[in-house]
Amino acid sequence: MSSEAARRIVVTGATGNVGTSVVRLLSEDPEVGSVLGLARRIPDWSPPKTDWAAVDLADRRGDLADLFEGATAVIHLAWAFQPTHDPATTWRTNVLGALHVFEAAAAARVPKLVHASSVGAYSPGPKDHAVDESWPTHGWPDAAYCREKAYLERVLDTFDRSRPRVRVVRMRPAFLFKRESASEQRRLFGGRFLPGPAARPELLPFLPDIPGLRVQALHTDDAATAYLLAVKSDVRGAFNLAADPPVDAALLGEMLGARPVRLPRTAARSAIAAAWGLHLLPASPHLFDAVLRLPIMNCTRARTELGWHPERTAPEVLAEFLQGLQQGAGAATEPLRGRKVG
């Protein structure tokens, strides 16, 4: 793609875990003329060629089409993980907000829409072999995150058929980590008072080995590279994104020098449900149920059609993230603010 064609890119959710990596890569790319980052709160961070606009997708009164005018691509990353006890609130931001983005992109005649879907959009699948992008995307209906991701897949099915001139790309990444996301993800999933120093290997003599707890991970910067490649090419459709190897208790135990100990699903779920019910743990037991059922993804299409290859292995990604947890790492945006607890 020529630099003329890649002149202006708009990114929603530009100050989060994925957004900061995507904006940084776009701002450094010579084929990108300008970047407009949309976020609820304008950051102090000022990467090259980047402007900011304050937008809350839960409030549909603003005219996004004006902001999208003249854009070569819209990358939709905005997502609210909390509050898990109030799915109507996350629905307003994640689903109704996304519909607003899609409609505005169509109204502004943006030629490419890149949407952040997820492995969480997939229906329950195998853990012993990988599935490609044709695997059903109906999610795990009991988990709000999966339900919302799957709903937007259906919305984009219709959008694809009704607006064939718009190239729609759906990224379906595995769990995304980087050092700078450690504090945010600790708050979102472990709770704001969970001490980061508890991630030290010497404090973990054993690890719970729960049947089905085998997932994939990816460095956020590697995912951002895939977004950049999608913007600069003529691809459309869905792309799985994950690093090797899949992560399970045996791999984590080897990394941390801890012994895996078998723990029944029911015992683990009961503990999570109790903590969630008491508002001690933000991550819901419904999301735990979903994680145990997520398929392992085959990423051949991203490698062959995008030319994408992750630079970091899953153990390298987790080692960096754990170091970030211990150090209270963060970045100069409100979602990624760093703070060490304990």
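## Exercises on a predicted model

The largest nonpolar core of this predicted model has 41 residues, and those with the most contacts inside it are Val11, Val22, Leu26, Ile75, Met171, Tyr227 and Leu306.

**Exercise 1. Find which elements each supply at least two residues of this core, and which supplies the largest share.**

Step 1. List the strands. They are β1 (8-12), β4 (73-76), β5 (112-116), β7 (167-173) and β11 (237-241).
Step 2. Pick the largest share. It comes from α6, with 7 residues.
Step 3. Look beyond this core. Another core, of 28 residues, lies apart from it; Leu38, Phe68, Trp79 and Leu113 are among its members.

**Exercise 2. List what Val11 touches, not counting residues up to four places away in sequence.**

Step 1. Recall the place of Val11. It is one of the residues with the most contacts inside the largest nonpolar core.
Step 2. Read off the partners. Val11 touches Val22, Val23, Leu26, Val35, Leu36, Gly37, Leu38, Ile75 and Leu77.
Step 3. In soluble globular proteins, nonpolar side chains tend to be buried together.

**Exercise 3. Describe how helix α3 packs with helix α4.**

Step 1. Take the geometry. Helix α3 (residues 87-107) and helix α4 (residues 144-162) have axes 10 Å apart, at an angle of about 20 degrees.
Step 2. Classify the angle. Angles under 35 degrees count as roughly parallel, so α3 is roughly parallel to α4.
Step 3. Assign the hand. The crossing of α3 past α4 is right-handed.
Step 4. Name the residues. From α3 come Pro87, Thr90, Trp91, Asn94, Val95, Ala98, Leu99, Phe102 and Ala106. They meet Ala144, Arg147, Glu148, Tyr151, Leu152, Val155, Leu156 and Phe159 of α4.
Step 5. Sort by class. The contact of α3 with α4 has 13 nonpolar, 2 polar and 2 charged residues.

**Exercise 4. Decide whether Gln185 and Ser134 count as buried or exposed.**

Step 1. Locate Gln185. It lies in helix α5 (residues 182-190).
Step 2. Apply the cut-off. Buried means under 20% relative accessible area. Gln185 has 11% relative accessibility, so it counts as buried.
Step 3. Check the contacts of Gln185. Leaving aside neighbours within four places in sequence, they are Asn17, Leu176, Phe177, Gly190 and Phe321.
Step 4. Turn to Ser134. It sits in the loop between β6 (130-131) and α4.
Step 5. Apply the other cut-off. Exposed means over 50%. Ser134 is at 62% relative accessibility and therefore counts as exposed.

Key. Residues are numbered from 1 along each chain as its sequence is written. This is a predicted model: local features need pLDDT of at least 70, side-chain atom pairs count only at pLDDT 80 or more; totals for chains, interfaces and linings use all residues. Side-chain values use heavy atoms; hydrogens and water are left out. Helices (H or I, at least four residues) and strands (E, at least two) are DSSP runs, numbered from the N terminus. Buried means under 20% relative accessible area, exposed over 50%, partly exposed in between (1.4 Å probe, protein chains only). Contact means heavy atoms within 4.5 Å. Axes are lines fitted to C-alpha atoms, for helices over the stretch in contact, and angles run from 0 to 180 degrees between N-to-C directions. Angles under 35 degrees count as roughly parallel, over 145 as roughly antiparallel, 65 to 115 as roughly perpendicular and the rest as oblique. A crossing is left-handed if the near helix is turned anticlockwise from the far one by less than a right angle, and right-handed if clockwise. Ala, Val, Leu, Ile, Met, Phe, Trp, Tyr, Cys and Pro count as nonpolar, Asp, Glu, Lys and Arg as charged, and the others, Gly among them, as polar. A nonpolar core is a set of buried Ala, Val, Leu, Ile, Met, Phe, Trp, Tyr and Cys residues joined through side-chain atoms within 4.5 Å.
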